[in-house]
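Subject: Structure handover

Hello,

The structure we talked about is below, with its sequence. Please load it before reading the notes that follow.

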Amino acid sequence: MITSRKVGIDGKQLKINGEGELSVVVHQHPPIDEDVTALPFRQYFTDTGIKGGSNVMRVNGSVNYVDFYIAASPDFDIYIKYITVEIGDGGTPALNKFGALAELTNGVAFYWDTQTEPEYELHEGIKTNKEFIRIASDTGAIGTGIDAYLADVSGGGSEKSYLPNIDMEEIYGFTWGLRLRKGTNDKLIFRIQDDLTGLSTFNAIATGTRI
């Protein structure tokens, strides 16, 4: 039998308890001697995957789909923890529409594209405002009746927006979020597959951590 003894820098020995578990203390800060610095990440989904690309997602993807995405960085890993979406429109937006457009034919697809799992499907096609809210567990319940979940972003009723908020930990159980590995072609994608040019506003922002 091979045994080992683990001793910390303070001279204390690591103990394994009766059921084979280790006792640990979770601190509210990373290790003070950590060599890798984690920094906040924030970026719009764009048609190039990087800052500077167009973040206007109200495009016509009915003939040829259009991808808006977050691309992996050549220099650091990105963990997407949170996505906030705005779907704004005039007219009469409702939960059974997309903005104020009729229910979409194909919908907005959602993919996690990695080397090991190319275009892993997170949603085959979000066709209504209600479907977006269903995958966005952190969406605030504002308004009532036909205005449920609608925010008057114009201040005068000329444009109202749905604001779905997607928390990757709540939805998928990933504490740090979905990883885009540095130096790869990894992407997190919203794929437009219908004509959305009739919307007033459609965009998405990803936040998380870069390491």
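Predicted model: local features only at pLDDT ≥ 70, side-chain atom pairs only at ≥ 80, totals over all residues.

Residues are numbered from 1 along each chain as its sequence is written, and side-chain values use heavy atoms, with hydrogens and water left out.

Strand β11

Helices (H or I, at least four residues) and strands (E, at least two) are DSSP runs numbered from the N terminus. Strand β11 covers residues 201-210, and eight of its ten residues are buried, so the strand is largely enclosed by the rest of the structure. Buried means under 20% relative accessible area, exposed means over 50%, and partly exposed lies in between (1.4 Å probe, protein chains only).

Two strands count as paired if DSSP finds at least two bridges between them. β11 pairs with β3 (residues 78-89) in the antiparallel sense over ten bridges, and Ile87 stands opposite Phe202 in β11. With β1 (residues 39-44), the antiparallel pairing of β11 runs over six bridges; there, Arg42 stands opposite Thr207.

The open sheet

Four strands form an open sheet in the order β2-β10-β4-β5, with antiparallel pairing. Its edge strands are β2 and β5, each of which pairs on one side only. Between β4 and β10 there are five bridges, and Asp113 stands opposite Lys187 in β10.

Nonpolar cores

A nonpolar core here is a set of buried Ala, Val, Leu, Ile, Met, Phe, Trp, Tyr and Cys residues joined through side-chain atoms within 4.5 Å. The largest one has 38 residues, and those with the most contacts inside it are Phe45, Ile83, Phe132, Leu188, Phe190 and Phe202. Elements that each supply at least two residues of this core include α1 (129-135), β9 (178-180) and β11. The largest share, five residues, comes from β3. A second, separate core of five residues includes Ala71, Ala109, Tyr111 and Ile189.

Positive phi

Glu119, in the loop between β4 and β5, has a positive phi of about 45° although it is not a glycine. Glu119 is partly exposed, at a relative accessible area of 35%. Tyr149 has a positive phi of about 70° and is likewise not a glycine. Tyr149 is found in the loop between α1 and β6 (150-152) and is partly exposed, at 27% relative accessible area.

Regards
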